[in-house]
Amino acid sequence: MGSGSSPCASCRLLRRRCAKGCIFAPYFPSDDPHKFAIVHKVFGASNVSKMLQELPIHQRGDAVSSLVYEANARMRDPVYGCVGAISFLQNQVSELQMQLAVAQAETLCFQMQQDPVALPTQIDQHQHHHQHQDHDQKSLLLSNSDFNSIPHQYFSSFASPSNVIQDPLKRESLWT
Amino acid sequence: MISNNPTRCAACRFLRRRCPQDCVLAPYFPSSNPERFACVHKIFGAGNITKMLEQLPVHLREAAADSMFYEASLRVEDPVYGCVRIISQLQHHILEAQSEILKTNGQIASYIAQQQLQQQQQNVVDGASYQQDMQISEYLGVGSDVQTLANDSYFHP
């Protein structure tokens, strides 16, 4: 916390006195100067301060974590930042959707072979079963619009990033 | 003398400054779309945007400006999580899909195993039936092929 003896990482970097109610102090401790440095470099201290001030206190921790994540992504990939990761993951989801559809079609074939007479009932049950699971399953099987996929209006020429973030799943956990 | 753009770009208009001919931001923040720059400026700040674009080769700046606009607009919509919410959701859905694929592949393996077992059982029955035919033929003193044909399901559907 802000005190005369130990300024937070933000005030240390900005070379100013760390006041008692310093908005950065709870989230940028002095033992991790890199965390604030990277956020400051991408977003700027005053923007971060304004963003945090507009949020209730209980949400500021998560906001800082997500800003740090975004800033790290932008440093690693100055062209596409987090958007590169989103694109990569959307492609993965599409591939997995195809694999799942193929596997499910195979199981239906087997079911048909085993019990062709009961097929209409089985298909109804299959659909009913999927409707029950639907809220999660549906989002797996439908288009990427469910995930706010990158709409074209944001991009004049956005294809697969040349230096996309590789393995964003394994790269780091979202929250420090 | 540095000449100015006849129409200031959205960035320079917003910042109330003159827009030079070589303005870094002008190609990516046209005056026809003032909201685009306002959004990016709110999150990243004009100075940071300019610095980030200047560090990139010219042919990559458009993509960078577009991605910054996308991220900024998501952050404006969701001030706590921004675009990280989407990443988190996508990761979650990938795990779900992988789990579902594993489960479905397990079902397929089970069906295949069942089929193989049924086939083996059928082979045993066929073998026993064939042996019985042979014994009958020997007892009757007729050719085995005639007896087998008589028992063939083709003739007895």
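Biologist: What pattern does chain B follow along the sequence?

Modeller: This is a predicted model. Its chain B has six helices and zero strands. Read from one end of the sequence to the other, the pattern of chain B is α-α-α-α-α-α.

Biologist: What percentage of the residues of chain B count as buried?

Modeller: Chain B exposes about 9,400 Å², and carbon and sulfur atoms supply 55% of that area. A residue counts as buried when its relative accessible area is under 20%. Of the 157 residues of chain B, the share that counts as buried is 39%.

Biologist: Among contacts in chain B between residues at least 6 apart in sequence, what percentage join residues at least 24 apart?

Modeller: One pair that links distant parts of the chain is B:Asp66 in helix H4 and B:Arg36 in helix H2, 30 residues apart. For chain B as a whole, among contacts between residues at least 6 apart in sequence, the share that joins residues at least 24 apart is 33%.

Biologist: How much area is buried between chain B and chain A?

Modeller: The size of an interface is often given as the accessible area lost when the parts come together. Here 48 residues of chain B are in contact with 57 residues of chain A. Carbon and sulfur atoms give 65% of the area buried between the two chains, which comes to about 4,800 Å².

Biologist: Which residues of chain B lose the most area to chain A?

Modeller: The area in question is part of the about 4,800 Å² buried between chain B and chain A. Three residues in chain B together account for 14% of what that side buries, and those that lose the most area are B:Tyr70, B:Leu90 and B:Tyr111.

Biologist: Which helix gives the largest share of the side of chain B that touches chain A?

Modeller: Between chain B and chain A there are 14 residue pairs in polar contact, counted where both residues have pLDDT 80 or more. On the side of chain B, helices H2 (34–43), H3 (46–54), H4 (58–77) and H5 each supply at least two residues that touch chain A. The largest share, 22 residues, comes from H5(B).

Biologist: Which residue of chain A forms a salt bridge with B:Glu71, and is B:Glu71 buried or exposed?

Modeller: Five salt bridges are found over all chains, and two of them cross the interface of chain B and chain A. One such pair runs from helix H4 of chain B to helix H4 (residues 57–76) of chain A. With the closest N and O atoms 2.9 Å apart, the residue that forms a salt bridge with B:Glu71 is A:Arg74.

Biologist: Are B:Asp66 and B:Arg36 buried or exposed?

Modeller: The side chains of B:Asp66 and B:Arg36 meet in a salt bridge, with an N to O distance of 2.9 Å. B:Asp66 has a relative accessible area of 2% and so is buried. B:Arg36 has a relative accessible area of 8%, and is therefore also buried.

Biologist: Why does B:Lys103 count as partly exposed?

Modeller: B:Lys103 forms a salt bridge with B:Glu100, the closest N and O atoms being 3.7 Å apart. Both residues lie in helix H5 of chain B, three residues apart, about one turn of the helix. B:Glu100 counts as buried at 11% relative accessibility. B:Lys103 is partly exposed because its relative accessible area is 42%.

Biologist: Which residues is B:Thr50 in contact with, leaving aside its neighbours within four places in sequence?

Modeller: B:Thr50 has its place in helix H3 of chain B. Its relative accessible area is 18%, so B:Thr50 is buried. Leaving aside neighbours within four places in sequence, its contacts are B:Val24 and B:Leu25.

Biologist: Which residues form a nonpolar patch on the surface with B:Ile136?

Modeller: B:Ile136 lies in helix H5 (residues 84–140) of chain B. Because its relative accessibility is 32%, B:Ile136 counts as partly exposed. The patch has about 360 Å² of accessible area together, and the residues that form it with B:Ile136 are B:Tyr139 and B:Leu140.

How values were computed: Residues numbered from 1 in each chain as written. Chains lettered and ligands numbered in written order. Predicted model: local features only at pLDDT ≥ 70, side-chain atom pairs only at ≥ 80, totals over all residues. Heavy atoms only, no water. Patch = residues over 30% accessible without salt bridge, like charges linked within 9 Å, V, L, I, M, F, W, Y side chains within 5 Å. Areas by Shrake-Rupley, 256 points an atom, 1.4 Å probe, with all protein chains shown as cover. Salt bridge = Lys/Arg side-chain N within 4 Å of Asp/Glu carboxyl O. Helix = DSSP H or I, 4+ residues; strand = E, 2+ residues; numbered from the N terminus. Buried < 20%, exposed > 50% of the residue type's maximum accessible area, 1.4 Å probe, protein only. Contact = heavy atoms within 4.5 Å. Buried area = accessible area lost by both parts, 1.4 Å probe. Polar contact = N/O pair within 3.5 Å; in protein donor to acceptor, adjacent residues only side chain to side chain.
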